[in-house]
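Please examine the sequence and the structure shown here.

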2 protein chains.
Amino acid sequence: MSQRLNLEEIGRLAGVSRSTVSRVVNGEPNVSAEAKRRVEEVIQETGYRPHAAARSLASNRTGVVGLVIASAASTLFDDPYFGRLILGVTGATNSMGTTLALFLFDQESDEHSIIPRVVNSGMVDGVVVTATHTGDPVIEHLRRADMPFVVVGRPDDGRARYSVDADNRGGAVAAARHLVDQGYERLGLIAPPSNSTAGIDRRDGFLDGLSEVGLGIDGRMQEGDWSEESGRLAMRELLASEPDAVFVASDRMAVGALRAIREAGLSCPDDVAVVGFDGLLPADQTVPRLTSVVQPVAEVGERAARLLHAVIDGSAAGPEHVVLPTELLVRESCGAEAGR
Amino acid sequence: MSQRLNLEEIGRLAGVSRSTVSRVVNGEPNVSAEAKRRVEEVIQETGYRPHAAARSLASNRTGVVGLVIASAASTLFDDPYFGRLILGVTGATNSMGTTLALFLFDQESDEHSIIPRVVNSGMVDGVVVTATHTGDPVIEHLRRADMPFVVVGRPDDGRARYSVDADNRGGAVAAARHLVDQGYERLGLIAPPSNSTAGIDRRDGFLDGLSEVGLGIDGRMQEGDWSEESGRLAMRELLASEPDAVFVASDRMAVGALRAIREAGLSCPDDVAVVGFDGLLPADQTVPRLTSVVQPVAEVGERAARLLHAVIDGSAAGPEHVVLPTELLVRESCGAEAGR
DNA sequence: TCGGGGGATGGGAGCGCTCCCAGCTCCTGC
DNA sequence: GCAGGAGCTGGGAGCGCTCCCATCCCCCGA
């Protein structure tokens, strides 16, 4: 039915040339008010939209940015982290009139087939890439292809010029201080895997927060793998050394830790206080309500997307590494009055 | 630095013409083994990738499919539903070599600006669209533009030729039967909003499941809005009529309902049994562990994407409405032995 | 021996846009 | 009064690909 309208046709209907229509569509100056009005009228009537492929072929810009989420996507999708991140990114792209292409891969085979497609086919103007673990090969690919990119998370080396991260370290310090302020003395730590910068920052932040006041964990540490089950096992081990408060470096692991406490016949926060990290669980989902360090995931996504746009259109100055503040949200599991 | 390679250039390096290279790249027949080998060698060496925009301009196909999630995206992202759905869709698109463009909008203003862009700019070959509420205008837009589309969920009228849904009704019937089998007699229902087909199906399924055996809910019904808080308030109301078992039509609302039971000083499942719907929460997240009707969200996404591809390449026969089975997962909250 | 058919190949045309230059008009300043 | 510039407009060229037709060659059968 509706054969495609094009610039030439719109021009014919408005009594101007293809070029003038193009100028109107792209909001360029140097078009007479009269011509502009007529063209806009015709566009309105016909519902004309410029053809994305033609535009990007001619201009070498696509108006599409990619969001690359590599490795272990399926486990990570069990918590709302990526949902929030995507929401933040789309918030930014929607308001800037660009489109988001989503590249998820779990298996390395997918990675090998997708990355070249992303990078060399000219399909996107740039990408936001999540850095899940150290030594990720994706970044190297992007760099070699001169593709603009922004890393979500703290890059583990100097290869990334632009990044946006939450203040994992500061949040963990705040958690440590809070527990110390509550008067807990036998502090424990369920640490995240040390193959991620987020994990390292949360662990070091907590330990540094304690040593600021001359405390330590005295061996009361277990490492989890972000999963709920690993949190449960870690807490079960940890209970042997009778901690009175434990910082669990992610909410998912904290949920498992709470279960372990319950299973041991103990009570949180009376026997063991718990502070989590992420602040992504709906408030009431755990019993007791979990005190947690809230990281602004959606805002990280939004800032990353905006920074990427700046990089693409050349308005980004030098290297830029944004760190957004985290905040301790006190609820019940830490035993503080605020949540009682 | 690396100026773009094109077909002509690859052809020159391999000693053949642009056309022959194109045939090799697209896997067409009628290319000599020798020519094919040489071209593939050059492509391998140079890392050449066809330019997506040029290809789609010439062929009128983009290799991109859209996933449109309209309305209330931000609240819905609090649970893992959309994460799982996206995962299913990307699983399918990855394996089929297409790219996923994600269109999320919360505000109507976004909707009005994005839909025309999706539909008329030739940016995607087709879309998977989630039907969150009845009378959604998005579907009408797609239909008028002759854009291939597949609906996730049960469309509420005849305008959609293709859809993929979970068996909400069957799952709710199974929940009803299970509770009846357990010997509960004062059954209650926390229903979803009736402006969605999923909500209607879950409510009607439960009621029909009861009336099959001559039971009813005798007024023990409250309507929630999918949120945790609405589940809590609904259960609080419902407890006045002293139900011994309640079907809560979503896990998020069930979490709120469990909290209301606890807050009333009652115990689940001893005083009130609960069955949820969705099966998306990590197993241990609730106390007690929630018995729930599991819907195969990722598989719904995957089937929708595959069906869309069939529609796009014309291999889909007539209208097709896929309904995937749901399954009752018995854990603790229903009081059945399996979970104890 | 020669004609015909099919596989292999090359190149023209054109997809709808942007970029750029040329040309026209009108206005300003000396 | 005239040169020069600024504002506006039109159209050629070309982005890298696909589609299609023309050509060539080789092999087969009469």
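This is a predicted model: local features need pLDDT of at least 70, side-chain atom pairs count only at pLDDT 80 or more; totals for chains, interfaces and linings use all residues.

Residues are numbered from 1 along each chain as its sequence is written, chains are lettered from A and ligands numbered from 1 in the order in which they are written, and side-chain values use heavy atoms, with hydrogens and water left out.

**Residues around the DNA**
- DNA strand C has 28 residues around it (a heavy atom within 4 Å), and those that come nearest are A:L7, A:R18, A:Y48, B:S17 and B:S19.
- Of the atoms of DNA strand C that come within 4 Å of the protein, 57% belong to sugar and phosphate.
- The surface near DNA strand C comprises eleven nonpolar residues (Ala, Val, Leu, Ile, Met, Phe, Trp, Tyr, Cys and Pro), seven charged residues (Asp, Glu, Lys and Arg) and ten polar residues (the others, Gly among them).

**Polar contacts (N or O atoms within 3.5 Å)**
- A polar backbone atom of A:L7 lies 2.5 Å from a phosphate oxygen of DNA strand C.
- In A:R18, a polar side-chain atom is 2.5 Å from a base oxygen of DNA strand C.
- The side chain of B:S19 has an N or O atom 2.3 Å from a base oxygen of DNA strand C.

**Contributing helices (DSSP runs of H or I, at least four residues, numbered from the N terminus)**
- Two or more residues of the surface near DNA strand C come from each of α2 (18-25) and α4 (52-59) of chain A, and α2 (18-25) and α4 (52-59) of chain B.
- α4(A) gives the largest share, five residues.

**Domains of chain A**
- An automatic or database domain assignment gives domain 1 (7-59), domain 2 (64-166 + 297-323) and domain 3 (168-294) in chain A.
- The centres of domain 1 and domain 3 of chain A, taken over C-alpha atoms, are 59 Å apart.

Conventions
A polar contact is a pair of N or O atoms within 3.5 Å; within protein, one must be able to donate a hydrogen and the other to accept it, and residues adjacent in sequence count only if both atoms are side-chain atoms.
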